Amino acid sequence: MSGKRGEVHPGVGAWVPLDRAAAHLGMNAGALRKTLERRAVRASDGSTEASVDGVRARKFGRIWRVRFSEAWGVP
């Protein structure tokens, strides 16, 4: 595995921090976090995931990371 832990590579499909994703969506980080927590489900591998309108999020420890579909573009 190359790269540092938590490093985000630019491009579609990269995991981005919650605050950056919220800015891209035009909302504050607290509102996005609350939306994700309301839609959170347990994935088959035991992790927590949420999906809203082409925005997929996954919890890494206590931190949400967000991935956008191609329709949203790169934040």
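This is a predicted model: local features need pLDDT of at least 70, side-chain atom pairs count only at pLDDT 80 or more; totals for chains, interfaces and linings use all residues.

Mentor: Let's talk through some helix packing and a few side chains.

Trainee: Okay, at what angle do helix 1 and helix 2 cross?
Mentor: Roughly 100°, with the axes of helix 1 (residues 18–25) and helix 2 (residues 29–38) coming within 8 Å. That makes helix 1 roughly perpendicular to helix 2, a label for angles of 65 to 115 degrees. The axes are lines fitted to C-alpha atoms over the stretch in contact, and angles run from 0 to 180 degrees between N-to-C directions. Helices are DSSP runs of H or I with at least four residues, strands are E runs of at least two, and both are numbered from the N terminus.

Trainee: Which residues make the contact?
Mentor: Helix 1 brings L18, D19, A21, A22 and L25, and helix 2 brings A29, L32, R33 and L36. Contact means heavy atoms within 4.5 Å.

Trainee: And which residues of helix 2 are buried?
Mentor: L32, T35 and L36; buried means under 20% relative accessible area. They cover an arc of only 95° around the axis, so they sit on the same side of helix 2. That arc is taken from the directions from the helix axis to the C-beta atoms.

Trainee: What do they pack against?
Mentor: Helix 1, strand 3 (48–52), strand 4 (55–60) and strand 5 (63–68).

Trainee: Tell me about T35, then.
Mentor: T35 has a relative accessible area of 19%. Leaving aside residues up to four places away in sequence, T35 touches M27 and V52. T35 and V52 are 17 residues apart in sequence, and their C-alpha atoms are 8.3 Å apart. A polar atom of the T35 side chain also lies 2.9 Å from the backbone oxygen of A31.

Trainee: What caps the N-terminal end of helix 2?
Mentor: N28, with a side-chain oxygen 3.2 Å from the backbone nitrogen of G30.

Trainee: Switching topic, where is E49?
Mentor: E49 is in strand 3. Its side chain makes a polar contact with the side chain of R56 at 3.2 Å. A polar contact is a pair of N or O atoms within 3.5 Å; within protein, one must be able to donate a hydrogen and the other to accept it, and residues adjacent in sequence count only if both atoms are side-chain atoms.

Note on methods:
Residues are numbered from 1 along each chain as its sequence is written. Side-chain values use heavy atoms; hydrogens and water are left out. Angles under 35 degrees count as roughly parallel, over 145 as roughly antiparallel, 65 to 115 as roughly perpendicular and the rest as oblique. Buried means under 20% relative accessible area, exposed over 50%, partly exposed in between (1.4 Å probe, protein chains only).
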